[in-house]
Each structure stands twice: as C-alpha cells, then as structure tokens.
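Hello,

Here is the structure for your files. My notes on it follow below.

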Amino acid sequence: MEKTTRMTVAQAIVKFLDNQYVSLDGQETKFVEGFFTIFGHGIAVGLGEALDTNPGQLKVMQGRNEQGMCHTAIAFAKQHNRRKIIPCASSVGPGAANMVTACATATVNNIPLLVFPADTFASRQPDPVLQQLEQSNSLAVTTNDAFKPVCKYWDRVTRPEHIMTALISAMRVLTDPAEAGACCIGLCQDVEGESFDFPDYFFQKRVHRITRPVAVDEELEDVAAVIAEAKKPLIIVGGGVKYSEAGETVEKFCEEFKIPFGESQAGKSACKSSHPYCLGGIGVTGTLASNVIAKDADVVIAIGSRLSDFTTSSKRLFTNSDSKFVTINNNRYHAYKMDAVKAVGDAKVTIEALAEKLRAKGYVSAYSGEIEAAKKAWDEEMAHLAGITYTGDDFDPIIKNRDPRTVPEFVKMTGGMITQTAALAAIREVIDKDANYITAGGSLPSCSQRMWTTDKRCGYHAEYGYSCMGYEVAATLGVKMADPDNEVYAVVGDASFQMLHSEIMTIMQEKQKVNILVFDNCGFGCINNLEMGHGIGSIATEFRYSEGQKPCGDLIPVDYAKVGEGYGLKTYTCKTIQELKDALEDAKKQTVACLFDLKVIPKTMTDGYESWWNVGIATTSEKESVREACEGVMEGRAEARKY
C-alpha cells in the first residue's frame with residue numbers, strides 16, 4: 001500500500017508548490033516564492049485556511065487589485081529571468097475576471113504566471129452562487145472560461161484528485177523556456193475544501209531542469225551559409241537573449257564577426273549599452289543608428305525575438321530588396337517568422353555553436369566605418385534631446401501636430417517647464433548605475449527604448465509585448481522583491497498611473513523602498529500624437545473638461561504628489577529639471593517609497609528616426625488631412641514586406 005496523507009485540495013496545493021525547484025546550469029533555485037491573494041468568498045475559507053494553518057516556506061501577500069497583484073508577480077518572475085514565481089489567487093467572478101488582462105500580459109511576454117481563480121460549485125447545489133456568471137446555453141460555462149484564450153495551460157478542478165495532474169501539467173508549462181506563459185487552474189469552491197488521501201510521493205521535492213538545447217547541425221549549417229554571404233548583417237537582440245543569459249555571448253559574437261546589433265524592448269539590457277556594436281533600440285521606437293543600419297542590412301539575424309510590428313517597423317524597416325532573415329529561437333513558432341532560415345534552440349549555446357561554423361569559414365562582415373558613423377550621429381542627437389529646454393512663448397516642441405492651446409495652457413496651469421527628453425536624461429544622470437528602470441505602455445517606452453542606457457544586465461525592465469498600461473506601479477514591487485539590494489525607478493505616464501496604482505498600498509504594506517516618477521502631461525500623449533499625426537483632431541486623449549459632445553474644455557489639473565502623500569509615500573513636485581535632480585538626490589536618503597510628480601510639457605517626447613508604423617486609418621473621410629495621411633499609410637504598406 002502506498003503511503004497517503006489526508007488533506008484538503010487547498011492544503012495539497014500549498015504543500016505541492018512549496019516543494020518545486022528549478023535548475024539551470026547546475027544552479028538550483030526554489031521556484032515558488034509565495035502567494036499573492038485577495039481573499040474573496042470563493043477562496044477565503046479554502047485556500048485561506050491552508051495558507052493560514054500551514055503555509056510552509058511560502059510567503060503570503062495581500063494584493064489590492066487582482067490585475068495589479070498579477071502584474072507584481074509577472075515583474076518578479078521576469079526580473080528573476082523566469083526562475084521564480086508568485087502564484088496569484090482570487091475569488092470567483094469579478095475577482096477572477098480582473099486577472100484575465102494580466103494573464104494575457106504574461107503569455108504574450110512568455111513570463112510564467114500561475115493563477116488560481118475560484119470557480120462555481122462542482123455540485124451546482126447553490127447555483128447561482130454569489131458572483132456566478134450564468135449562460136443559459138451551458139451550465140458548465142463560468143467566468144473562468146475567459147482565461148482559455150490568454151493562457152498556455154487551462155484547467156478546472158471538479159474532483160479532488162484532479163489537482164495532481166493539473167499542477168504537474170502547469171509546472172511543465174511554467175518551467176519551459178519555449179512555452180512559458182500564464183497557467184490557470186480554476187478551483188470549484190466545494191472541491192477546494194474537500195479532503196482526499198493524497199499519495200505522499202505527490203509532495204516529494206521536484207527539480208524541473210531548464211535545459212539548453214542547441215539547434216541541430218543541419219540548421220546551423222543553413223544559417224551559417226546565409227550569414228557567410230552577408231556584407232552588412234545586423235543582429236536583433238530579443239528577450240530570449242536576456243532569459244538565456246546570453247548577453248555576453250552575443251557581445252563576443254558581434255566583436256569577432258564585426259556585426260552590429262539593435263535591441264527590442266524585451267531584449268534591451270541583455271547586452272551592455274556601452275558595447276561598441278550596440279546601436280540601441282530598433283524599429284518604430286528605435287534609434288537613428290539602428291534604423292539607418294537596418295535599411296541597408298543584407299542579412300537580419302533575429303535572436304530570441306517575436307519580431308513584432310514595433311521591432312520590424314511593420315516589416316518596412318528592412319528596405320534592402322536583397323535582405324534575408326535568419327532566426328535563432330527556442331520556440332519553433334517564432335523561429336518560422338519572416339520566412340526565415342531558422343535555428344531552433346537556446347540562444348546561448350546555439351550562438352556559440354554558430355560561431356564555430358562562421359569561424360571555420362573565416363567570416364567577417366564588410367562594414368567600413370558605417371557603424372561608427374551611425375553611433376556618432378545618434379550620440380549627437382542624444383545630447384540634443386537631453387538639452388531641450390522650455391524657452392517661453394516661443395517654445396516649439398518636437399511634436400508639431402497639436403492643439404495650439406495645449407502647451408501654453410499646460411505651462412500656465414501647472415508651472416511645469418520640464419521636457420520629457422531632458423527629464424529622462426536627468427534621471428539617467430543622477431540615479432545609481434546599478435539601479436533598475438521600469439516602463440510600460442505610452443510614450444515613455446518609446447523615448448526609453450531610444451534614450452535609456454545601462455550596462456547593468458537586466459537593468460531595463462519594459463512591458464511592451466502587450467503594452468499594458470497600469471503595469472508600472474505594481475511592477476516596482478515585483479522588481480524590488482527580486483532585486484532588493486538596488487534602487488528601483490518606474491517612469492509612468494499620468495494616464496497609466498490613473499488606470500492602476502492600487503498596489504502602492506501593497507508596497508507600503510511590504511515596507512519596500514521604490515521610486516515612482518509620474519510624468520504628468522495631462523493626457524494620453526502617445527495616442528494623441530497618433531491621432532493628430534494622422535489628420536484626426538484631438539479627441540478624448542487629453543484630460544479636458546467635457547463641453548457639449550466632447551471633452552474639449554480646459555485642461556484638468558491633478559496633484560499626484562497628494563495622492564502619494566495620502567498613501568504615506570515621501571513625495572516631490574518637480575516643475576524644473578533642477579528640482580527633479582534635487583528630488584532624486586534626496587530620495588536616495590529615504591527609506592520609504594517615493595513618488596515624484598513631474599509636470600512635463602506635452603509634445604516633448606521623441607519622434608521619427610526613419611521609422612514607420614502601419615495603422616488602420618480611415619480610407620474614406622470628409623477631412624482632407626485624413627485623406628492625405630491615408631495616402632502616406634498606403635505608400636508604406638506598398639513598400640512593406642507582405643509577411
């Protein structure tokens with residue numbers, strides 16, 4: 001007879017998760033850090049009892065918004081290079097639905113996230129239970145079915161013994177570098193508290209080995225043959241380089257074969273910004289250096305990249321008609337993109353194996369000063385961006401398409417004289433070199449991909465795969481928990497801050513010192529640029545009082561420092577660059593979380609640099625400005641690659 005232990009399903013979940021480990025390159029790490037939860041009625045007396053009675057070594061943390069706590073867990077896992085996770089649990093119904101967006105964020109970015117939303121009763125006896133979504137066409141459908149399209153693994157536990165195969169299957173996905181993403185296990189409320197004689201071997205220590213499969217020799221030969229013919233190759237460093245910890249390997253590869261590299265948002269800081277072959281961000285929000293070199297590249301080598309529209313500038317960036325694509329990716333689906341010659345395998349070992357092939361061929365690129373010239377031109381532009389200052393009534397921001405009222409009205413209302421590009425340069429100048437920097441949706445990731453530099457590996461933490469506004473504040477907690485010895489700075493637009501800043505209270509509860517910089521420019525500045533740049537008026541993207549049918553009245557002032565002060569943060573209001581620098585210096589002395597309210601002049605973000613983005617513009621319009629913009633979009637579509 002096998003040995004068993006009688007316990008509830010919830011107790012079994014806690015005990016199982018407390019005994020999961022991962023191993024990479026011989027280094028073993030405890031995989032599950034703890035639980036984030038908001039105890040609604042669906043889990044309070046089931047999972048709540050298990051975590052209260054015997055949590056083992058798992059830490060229990062209280063979230064404020066289900067999406068927010070999941071963002072914290074995503075940031076924690078990402079900053080740990082996917083070697084640690086924090087599962088998240090919610091009640092049934094609205095609590096569960098709040099986690100759907102976060103699950104999509106995790107899956108798009110290939111970050112492991114394990115969620116346990118409570119579900120309806122398996123017995124159906126109390127139906128409709130509180131917060132139950134009912135569908136007349138099927139009693140089996142619940143809110144948790146909404147997780148299916150955004151998760152890499154989905155399950156619903158309707159019998160106690162189901163939890164064993166459900167958890168083991170979830171671990172398979174969560175620890176797979178090629179398939180990592182969100183995993184959802186719905187817990188029927190009655191089953192959650194049911195007892196079962198679980199076999200003791202289910203709770204034994206499990207070590208999930210994260211391996212480094214190298215691409216097969218035939219694929220390496222194919223890739224090497226393409227690169228060997230290239231005169232001006234270009235590497236795209238994607239997130240896979242970061243998670244494989246292959247940054248130094250890529251740097252050595254570039255040095256040996258004289259190949260420059262551009263960075264995707266996910267790949268930025270995998271390699272050092274100071275590396276002589278680093279051109280910075282690439283694509284729609286890329287640097288002039290990357291995009292100029294990309295236009296002439298005859299072979300594009302994408303390493304660990306999903307090749308999103310922002311990275312490829314909607315497939316129009318690479319204008320050399322003879323250019324070919326090579327991909328190195330541990331995910332076969334991504335490796336097939338752009339009709340590339342592919343090598344499926346771990347970035348680090350596959351690059352090392354590829355280097356041997358190219359070395360045997362005596363390969364070196366044919367660049368003769370183009371890389372240095374491109375970098376020099378961008379360095380000059382960086383200095384220009386850092387020095388842009390408000391000059392009074394004659395001030396002309398970078399972005400020309402704007403409501404003529406906006407800039408003078410904003411300056412008069414707030415007294416703010418900070419430009420966005422100068423603010424980012426000042427932050428980089430003042431904060432420590434080993435600090436972590438966080439950004440997400442809006443114009444700040446665009447400017448950051450271009451302007452932010454760091455030699456700290458994984459020091460740049462951007463969520464741009466899903467471009468999920470509201471990620472930043474919660475992420476500061478996750479990153480700080482993952483790297484407690486270094487300062488964390490999140491730059492967040494006022495619109496994103498308004499969407500989701502509830503985890504400030506969790507930050508205070510956990511006594512974590514983080515720095516939140518709110519860039520207040522009175523609106524959704526990025527999208528305002530998009531609509532006005534395509535001939536559309538400023539509609540519902542600036543924060544203005546409503547008048548008639550549209551919010552087109554005066555700008556609405558907000559004191560974000562008071563918001564932070566109400567939570568107990570140390571706060572600063574900054575209206576000039578010097579005030580910002582002084583505040584950053586003072587914040588280094590603080591032991592409590594800090595919030596900076598930056599009054600940033602609208603339309604002072606970066607723009608252009610040989611990029612193009614395909615958008616779904618109206619092809620019929622009463623406005624001449626829209627018709628003209630449409631012509632430009634159609635020209636771009638004609639020049640872009642079809643797939």
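Buried means under 20% relative accessible area, exposed over 50%, and partly exposed in between, with a 1.4 Å probe and protein chains only. This is a predicted model, in which local features need pLDDT of at least 70 and side-chain atom pairs count only at pLDDT 80 or more, while totals for chains, interfaces and linings use all residues. Residues are numbered from 1 along each chain as its sequence is written, and side-chain values use heavy atoms, with hydrogens and water left out.

Salt bridges: a salt bridge is a side-chain nitrogen of Lys or Arg within 4 Å of a carboxyl oxygen of Asp or Glu. The count by this rule is 37. One of them joins glutamate 510 to lysine 59, at 3.2 Å from N to O. These two are 451 residues apart, with glutamate 510 in the loop between helix H21 and strand S21 and lysine 59 in strand S5. Helices (H or I, at least four residues) and strands (E, at least two) are DSSP runs, numbered from the N terminus. Glutamate 510 is buried because its relative accessibility is 17%, whereas lysine 59, at 35%, is partly exposed.

The sheet: strand S5 also belongs to an open sheet of 6 strands, in the order S5-S4-S6-S7-S9-S8 with parallel pairing. Two strands pair if DSSP finds at least two bridges between them. S5 and S8 are the edge strands with a single partner each, so one side of each has no neighbour in the sheet. Strands S6 and S7 run parallel and are joined by 3 bridges; cysteine 88 has valine 115 in S7 as its bridge partner.

Regards
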